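Me: I should like to understand the terms that describe this structure. Please set each value against its definition before drawing a conclusion.

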Amino acid sequence: MSTPEPIARFNPPELGTPPGYSQIVEVSAGRLIFVAGQTAVDAEGQVVGKSDFAAQVVQVFHNLGMALAARGCSAANLVKLTVFLTDMNNLAAYREARNRFFATVMPPAAPAITLVEVSQLYGPDFLIEIEAIAAA
């Protein structure tokens, strides 16, 4: 009997194949890592890309990568993302940045993702926030 993969991703045909994420992620790994919502702030706490979604999404994924690395993980360990956008018109730019981020690991990871538009985030200059769960 083989040992199950610590993170397995599934897309049952009945649910269709989603673009860039998995419908189901099963975790049998020993550790769960919860990453608080990451926004477009740099190491000094300054907003990166005020009014510039493309700059903000790059910073958010950079911060997410740094948080994961601090616990010995990478994008490959992500099992769930919750993405908050203040404007759904930025969806394409978000997807481009997301795809670049996940292309940094092989095989590319595809966590379960929930994406919602919100009226505002905790700071008036933030256009995107991403919280995450990883397994290792």
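Me: Within what distance do the axes of α1 and α2 come, and at what angle do they cross?

Reply: The axes of α1 and α2 come within 10 Å and cross at roughly 30°. An axis is a line fitted to C-alpha atoms, for helices over the stretch in contact, and angles run from 0 to 180 degrees between N-to-C directions. The model is predicted: local features need pLDDT of at least 70 and side-chain atom pairs pLDDT 80 or more, while totals for chains, interfaces and linings use all residues. Residues are numbered from 1 along each chain as its sequence is written, and side-chain values use heavy atoms, without hydrogens and water.

Me: Why is α1 called roughly parallel to α2?

Reply: The crossing angle is roughly 30°. α1 is therefore roughly parallel to α2, as angles under 35 degrees count as roughly parallel, over 145 as roughly antiparallel, 65 to 115 as roughly perpendicular and the rest as oblique.

Me: Which residues make the contact between α1 and α2?

Reply: From α1 come F53, V57, V58, F61, L64, G65 and L68, and from α2 come A93, Y94, A97, R98, R100 and F101. Contact here means heavy atoms within 4.5 Å.

Me: How do you know that the span of α2 agrees with its number of residues?

Reply: Helix α2 has 12 residues, 91-102, and at 1.5 Å a residue it should span 16 Å. The expected span is 1.5 Å times one less than the number of residues. The end C-alpha atoms of α2 are 16 Å apart, so the two values agree. Helices (H or I, at least four residues) and strands (E, at least two) are DSSP runs, numbered from the N terminus.

Me: What makes the span of α1 agree as well?

Reply: The 18 residues of α1 should span 26 Å at 1.5 Å a residue, and its end C-alpha atoms are 26 Å apart, so expectation and model agree.

Me: Which residues of α2 are buried, and how do you know that they lie on the same side?

Reply: The buried residues of α2 are Y94, A97, R98, F101 and F102. They cover an arc of only 130° around the axis, so they lie on the same side of α2; the arc is that of the directions from the helix axis to the C-beta atoms. An α-helix has 3.6 residues a turn, so residues three or four places apart point the same way. The buried residues of α2 pack against α1, β4 (78-85), β5 (112-117) and β6 (128-135).

Me: Why is Y94 called buried?

Reply: Buried means under 20% relative accessible area, exposed over 50%, and partly exposed in between (1.4 Å probe, protein chains only). Y94 has a relative accessible area of 1%, so it is buried. Leaving aside neighbours within four places in sequence, Y94 is in contact with F53, V57, F61, V83, I113, L115, I128 and I130.

Me: What is the phi of S51?

Reply: S51 has a positive phi of about 65° although it is not a glycine. Most residues other than glycine have a negative phi.

Me: How do you know whether N77 and I7 are buried or exposed?

Reply: N77, at 16% relative accessibility, counts as buried, and I7, at 15%, therefore counts as buried too. N77 is in the loop between α1 (53-70) and β4, while I7 is in strand β1 (residues 7-10). Leaving aside neighbours within four places in sequence, the contacts of N77 include I7.

Me: Why is M106 called exposed?

Reply: M106 has a relative accessible area of 71%, so it is exposed. M106 is found in the loop between α2 and β5.
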